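Here are my notes on the model, as numbered points.

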Protein chains: 2
Amino acid sequence: MVHPVASMQWQLPVNTRTAGGGGSLFGGVGLAAGIVALEQATKKPVVWASGQYLALTQQPTVVDLEVRLPAVGRNVTQGRVVGHLGEEEIITIFGACGERPDVARGLWDSMPDARPPETCEAMAGHHDVPSLSDHVEIRIARGMFGFSGAGKASGDNRSLLWVRMPELHNDPGTLAIIADYMPSALGNALGRMMSCTSLDNTIRFADQISTEWVLCENIIDFVGNGFGYGQVRMWSESGVLMATASQSMIVRPWQYD
Amino acid sequence: MVHPVASMQWQLPVNTRTAGGGGSLFGGVGLAAGIVALEQATKKPVVWASGQYLALTQQPTVVDLEVRLPAVGRNVTQGRVVGHLGEEEIITIFGACGERPDVARGLWDSMPDARPPETCEAMAGHHDVPSLSDHVEIRIARGMFGFSGAGKASGDNRSLLWVRMPELHNDPGTLAIIADYMPSALGNALGRMMSCTSLDNTIRFADQISTEWVLCENIIDFVGNGFGYGQVRMWSESGVLMATASQSMIVRPWQYD
C-alpha cells in the first residue's frame, strides 16, 4: 500500500482498493499510510498517531508522503507526515513510535458481551463500484450502521461491530482503517441515518495480538453545533484491548450537501 | 499570552506564568497557544485541536509559532501551528476552526456526582518556585492526585477534580490548560504515585458556557508497554459538557529518570 520512494518519502496510491464508495481516498487509509511511513522511517512500532483530513482526493492518483522526525529520542521518536498532491495538502499525520520497559499495567474495562460474528447480520456491500468496502467485512453485533440503516438503533450512544480485513494482518495500519468505521455509530445514536465528514482520526495502540475479527465498541460522546465526537475501543476476539481511537466529525443530515 | 508578531506568526513567552514546576513550558499552555493562534488566524472558533509535545523548553525564552492553513473552507478551516526556537521544533498543533448550523443534538452521559468544590481538599502548591501552578486552583472531589499523593486512591480508573484559573475566562485555551491535569489520574488508577511525560494532548470542544469551576472527569483507559492513555470530560458547574480531551503518556515509576 505504501512504499518508500526515497529517504523520508513514501507514496500512497489512491485506487479502488484505498478509496471509499464515493471514489475518494478513505480517511483511515490515509492515517494507515502515515503510520506505516512513520514505522518504517523510525524502525520502531507506533505508539499513537493522529491524522488530519484536509481535502478529498479522487482516484486514480498517487499521494506523496513526506516524513519529518523533529524529535528523535533514545526510546521514543516523534514525527509528522504531510501527504500532498503537488502543492495541495491532502492529509497530515503526526505521531510517536517507540518501545519502552513495561513498568506498570492497567486495564479497567473489559470487552462488552457480543454475539459471535458468525451469528451477526452481515453488512451488504452498498457501493456499485469497486472500493475499499470490497476488502472489509462488517457484522453488526449491536445497534444500527448509521450510513446504511442496517441493524436496529440501540436507543443509546453505543454500537458494536465485528470487523475484519481478510487480506491483511490486524497490524496498526489495519486497525487505523477499521477505526474509521466508528462514525457509523452517529446514526445509531441519533436513531436515524446521518452523513458526516471526518476532520481527524486519532488512534492509540495498546496490546497487539493475533485475532481474526476485531470488536469495535463505538461510543458517540457529543453531537451539537454542527459537529460530533466519538470514540472506539478495539478488542481482539480473546478480549485484549488492541487500540482506542477518537475523532471529530462534521455532522450532516442524510444526503444534505 | 500569545500575540501576533506578523501575518501568520505568533509568539509564546515561556516564563513563570506558563512553565510548570520544573521550569519548562507546561504542555497544555503550548496547546492553548496553538488554539489561540488558530482562532485568531481563521477568525473562527476552534472545533478541535491536538498538540504534539516534541521538546522541553526551559524558561525564560520565547517560542515562535508559525501558522499554516492548508484547508480554508466555507464553514470550517483546518490548519497547523509549528512552535519552534530557531531550528528546534518544540510543539506542533493541528486543528480545525469553524461554525456550522446545529443540525442535531445528543449528549448521552451526564455530569458525575461530586461534592461542591468548597468542601473538597485543596491541592497545596507543591513547587517552591513561581510557576503556572500559582495560577491554577485544584480541588480533589474523588481519587488521588497522582503526582503528589494528595487525596485517596479511588480503587478504579476514575478521578474527579474541580479546577479553576481565577484570572482567566474558561475559553478554549483555558480548557486546554486544565485538560492537561488529566495525567494526575494515572497515579490514582495505579494506586501509587507515578511520573509521566505527555506525548500529545487532543481536545474537542462541545458547548461553551460561563462557569467558575470546571469538573474534570478523568478516566485512564490503558497502561502497558511503558505507555498510558487517558481521557477527560470537562463539565461546567451546571452540568454542561464543555470539552472532551485525551492523551498518550510515557509512563514512569515515581522519580524514575
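1. A salt bridge is taken here as a side-chain nitrogen of Lys or Arg within 4 Å of a carboxyl oxygen of Asp or Glu. By that rule, 6 salt bridges cross the interface of chain A and chain B. The model is a predicted one, and side-chain atom pairs count only at pLDDT 80 or more.

2. One salt bridge to look at pairs R204(A) with D200(B), with 2.9 Å from N to O. Of the area that chain A buries against chain B, 14% comes from R100(A), W108(A) and R204(A), more than from any other three residues.

3. How many residues of each chain are in contact with the other chain? Chain A contributes 62 residues and chain B contributes 63. Polar contacts across this interface number 35 residue pairs, with both residues at pLDDT 80 or more. On the side of chain A that touches chain B, strand β14 (residues 241-253) of chain A gives the most, with 8 residues. Sorted by class, that side of chain A has 31 nonpolar, 17 polar and 14 charged residues.

4. Aromatic pairs come next. Over all chains the structure holds 9 of them. In one, the ring centres of F94(A) and F94(B) are 3.8 Å apart and the ring planes are at 10 degrees; planes under 30 degrees apart count as stacked, so this pair is stacked. Because F94(A) sits in strand β6 (residues 88-98) of chain A and F94(B) in strand β6 (residues 88-98) of chain B, the pair joins two chains.

5. Within chain A there are two assigned domains, domain 1 (3-98) and domain 2 (117-253). Their C-alpha centres lie 21 Å apart. The contact between them takes 22 residues from domain 1 of chain A and 21 residues from domain 2 of chain A.

6. The two domains of chain A bury about 1,700 Å² between them, with 61% of it on carbon and sulfur atoms.

7. On the side of domain 1 of chain A that touches domain 2 of chain A, α1 (27-42) and β3 (46-53) of chain A each supply at least two residues. The most is given by β3(A), with 8 residues. By class, that side of domain 1 divides into 11 nonpolar, 9 polar and 2 charged residues.

8. Some backbone features deserve a check. Most residues other than glycine have a negative phi, and most peptide bonds are trans. In chain A the peptide bond from Q59(A) to P60(A) is cis, with omega near -10 degrees, and P60(A) is found in the loop between β3 and β4 (61-72) of chain A. In chain B the peptide bond from Q59(B) to P60(B) is cis, with omega near -10 degrees, and P60(B) is found in the loop between β3 (46-53) and β4 (61-72) of chain B.

9. Is the phi of K43(A) positive or negative? The phi of K43(A) is positive, near 60 degrees, and the residue is not glycine. K43(A) is located in the loop between α1 and β3 of chain A.

Conventions. Residues numbered from 1 in each chain as written. Chains lettered and ligands numbered in written order. Predicted model: local features only at pLDDT ≥ 70, side-chain atom pairs only at ≥ 80, totals over all residues. Heavy atoms only, no water. Contact = heavy atoms within 4.5 Å. Buried area = accessible area lost by both parts, 1.4 Å probe. Polar contact = N/O pair within 3.5 Å; in protein donor to acceptor, adjacent residues only side chain to side chain. Helix = DSSP H or I, 4+ residues; strand = E, 2+ residues; numbered from the N terminus. Nonpolar A, V, L, I, M, F, W, Y, C, P; charged D, E, K, R; others polar. Domains from an automatic or database assignment. Phe/Tyr/Trp six-rings, centres within 6.5 Å; stacked < 30°, edge-to-face > 60°.
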